[in-house]
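Please keep the sequence and the 3D view at hand while reading.

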Amino acid sequence: MRFLITNDDGILAEGLIALKAELEKLGEVTAIAPDRPRSAAGHAITLHKPLRFSPVRLRDGSLGYASNGTPSDCVVLGLSEYLGAKPDLVVAGINLGANLGEDLTYSGTVSAAMEAVILGLPAFAISLAADPTAMAIAGTHDYGPAARFAARLAQVVVKSRLPSDVILNVNVPPVPESETRPAAVTHQGRRYYESRLERRVDPRGRPYYWLGGQVRQAPEEEGSDVAAVADNRISVTPVHLDLTCYAFLEEMKGWEL
Ligand code: MN
C-alpha cells in the first residue's frame, strides 16, 4: 500500500512522525506538510503567490517534503505527478487538539482530507483530543494509541472503500490505551466556546483583539463526536462534502422566493 500523509501542525510535528511510523508497517509513506504550523487554516489554497516544496530531513531521519502552502495545497502537491505514484489513501494528522463539532469548518487537518476526496482519493483525518495549548515538548503527548488506530483504520478503509464524497473524521481521547473504550461511529456534534474574542491593549495604547476562547463544558448530545471522546471512546464520523441541508430544503420549497 502507498500512503500520502500531511497535517496542519507543520512538517516538524510529532503527530506526523508517529503516524508515519505506524503506516510504514503497512507500506510506503510519503509525508508532505506545511513548513510551519497552519492550524485553523481551513480549506485555504494558495492562488496568488508561488507555491513551493522542498525535501527535508524529518524527525525520524527519513526524507519528507515541506511546503510554503496550506494543508490543502500539500495534498494537491502530494497527489501531483511531481511527487511520484498515486497513493491508495491520504491521511491527515495526527493533529494535536480535537477536531470536534464546528471545529471541522476551521480545521486544516479535516480540510486536507476533504481536498484528497475532491481529487478522487479516499482519506481520513485523525486528531488527538489533547490540550493543544500545553507546551509541545517532545514526548508530552502519547500519539501511540492514535497512530495504531490510524493504521488499523487505514486497512479497513482501503478494503471497505468509502463513498466518493465522504471522509472520516477521527478523534482519539488523550488517555492510555488501557483506558480507551471501544471506538464509536458518531455524528458531528456541537462544541461551545466561551468568550471567543478578547480585547486587549498593546504597549502603545492601541487596542488589539485575540481570537480563541475556552471550550465550555456543555451537555453532550448522545451519539455525537463530542460525547464519544468525553466517554473515552475513539470517535469516527463519516463527513460528506455536500453541505446541503436536505431536511430544510424540502421545507424551503414551500417558501415564496
Ligand atoms: Mn492543528
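**Briefing**

Arg161 is exposed, with a relative accessible area of 68%; exposed means over 50%, buried under 20% and partly exposed in between, with a 1.4 Å probe and protein chains only. The model is predicted, so local features need pLDDT of at least 70 and side-chain atom pairs count only at pLDDT 80 or more, whereas totals for chains, interfaces and linings use all residues. Residues are numbered from 1 along each chain as its sequence is written, and side-chain values use heavy atoms, with hydrogens and water left out. Helices (H or I, at least four residues) and strands (E, at least two) are DSSP runs numbered from the N terminus.

**Backbone features**

- Arg161 is found in the loop between helix H4 (144-160) and S7, and its phi is positive, near 65°.
- Ala40, in the loop between strand S2 (28-34) and strand S3 (53-57), also has a positive phi near 65°.
- Ala40 is exposed, at a relative accessible area of 58%.
- A cis peptide bond, with omega about -5°, joins Gly93 and Ile94; Ile94 belongs to strand S5 (residues 89-96).
- Most residues other than glycine have a negative phi, and most peptide bonds are trans.

**Manganese site**

- Asp8 (OD), Asp9 (OD), Ser39 (OG) and Asn95 (OD1) coordinate the manganese ion at 2.1 to 2.2 Å.
- Asp8 lies in the loop between strand S1 (2-6) and helix H1 (14-23) and Asn95 in strand S5, so this pair ties together parts that are 87 residues apart in sequence.
- Donors are N, O and S atoms within 2.8 Å of the metal (3.2 Å for Na, K and Ca); water is not among the atoms, so sites may look incomplete.
- The donor spacing in sequence is D-D-x29-S-x55-N.
- Both Asp8 and Asn95 are buried.

**Strand S13**

- Of the 8 residues of strand S13 (residues 233-240), 6 are buried, so the strand is largely enclosed by the rest of the structure.
- Strand S7 (residues 166-172) pairs with S13 in the antiparallel sense over 6 bridges; two strands pair if DSSP finds at least two bridges between them.
- Asn171 has Ser235 in S13 as its bridge partner.
- Strand S8 (residues 181-185) runs parallel to S13 and is joined to it by 3 bridges, with Val185 opposite Val236.

**Nonpolar cores**

- The largest nonpolar core has 35 residues, and those with the most contacts inside it include Ile5, Val91, Ile94 and Phe124.
- H4 gives this core its largest share, 8 residues.
- A second, separate core of 21 residues includes Leu4, Leu79, Ile167 and Val239.
- A nonpolar core is a set of buried Ala, Val, Leu, Ile, Met, Phe, Trp, Tyr and Cys residues joined through side-chain atoms within 4.5 Å.
- Apart from neighbours within four places in sequence, Phe124 is in contact (heavy atoms within 4.5 Å) with residues including Leu89, Val91, Ala113, Leu153 and Val170.

**Helix H3**

- Helix H3 (residues 108-118) is mostly covered, with 10 of its 11 residues buried.
- These buried residues pack against S1, helix H2 (71-78), S5, S6, S7 and S13.
- Ser107 caps the N-terminal end of H3, where a side-chain oxygen lies 3.1 Å from the backbone nitrogen of Thr109.
- Gly120 follows H3 and has a positive phi, near 95°.

Conventions: A polar contact is a pair of N or O atoms within 3.5 Å; within protein, one must be able to donate a hydrogen and the other to accept it, and residues adjacent in sequence count only if both atoms are side-chain atoms.
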